[in-house]
Amino acid sequence: MANKSMLLFAVSLVLVLLLVETTAPKGQAHAIDCGVSCAYRCSKSGRPKMCLRACNTCCQRCGCVPPGTSGNEDVCPCYANMTTKNGRHKCP
């Protein structure tokens, strides 16, 4: 009887873990610290306050920031495709 209960528990645990893994948004399984990520992203910017404001907005909406101080936008398409009302790239 204990073996059946242990087996049922193990199977249930595996199913819960699979459910959590398959329902998490792609690339966003872990929360990101926008402040730290944007501080690094904007560290070489000529206008750091404006860069940080835009980056934090984009990070909070997308849940990601591309690595490095520029480029690498293919890692975070939401971040790369966000535009201002004038059609310019919003995210640094």
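The link of Cys-58 and Cys-91 is left-handed, with -95° about the S-S bond, and the S to S distance in this disulfide (a pair of cysteine sulfur atoms within 2.5 Å) is 1.9 Å. The pair connects distant parts of the chain, given that Cys-58 lies in helix α3 and Cys-91 in the segment after α4 (77–81), 33 residues apart; helices here are DSSP runs (H or I, at least four residues), as strands are (E, at least two), and both are numbered from the N terminus. Cys-58 counts as buried at 0% relative accessibility, and Cys-91 is likewise buried, with a relative accessible area of 6%, where buried denotes under 20% relative accessible area, exposed over 50% and partly exposed in between (1.4 Å probe, protein chains only).

The model is predicted, so that local features need pLDDT of at least 70 and side-chain atom pairs count only at pLDDT 80 or more, whereas totals for chains, interfaces and linings use all residues. Residues are numbered from 1 along each chain as its sequence is written, and side-chain values use heavy atoms, with hydrogens and water left out.

Helix α3 (residues 48–62) also contains Cys-59, which is paired with Cys-34 in helix α2 (residues 34–41), a link between distant parts of the chain that are 25 residues apart. The sulfur atoms of Cys-34 and Cys-59 are joined at an S to S distance of 2.0 Å, and the torsion about their S-S bond is about -80°, so this disulfide is left-handed. Both partners are buried, Cys-34 with a relative accessible area of 10% and Cys-59 with a relative accessible area of 1%.

A further disulfide is formed by Cys-64 and Cys-76, whose sulfur atoms are 1.7 Å apart. Its torsion about the S-S bond is about 60°, so the link of Cys-64 and Cys-76 is right-handed. Cys-64 and Cys-76 each lie in the loop between α3 and α4, so the pair ties together parts that are twelve residues apart in sequence. Cys-64 is buried, as is Cys-76.

By the distance rule, the count comes to six disulfides. When the bonded cysteines of the protein chain are numbered in sequence order, the pairing reads 1-7, 2-5, 3-4, 6-12, 8-11 and 9-10.
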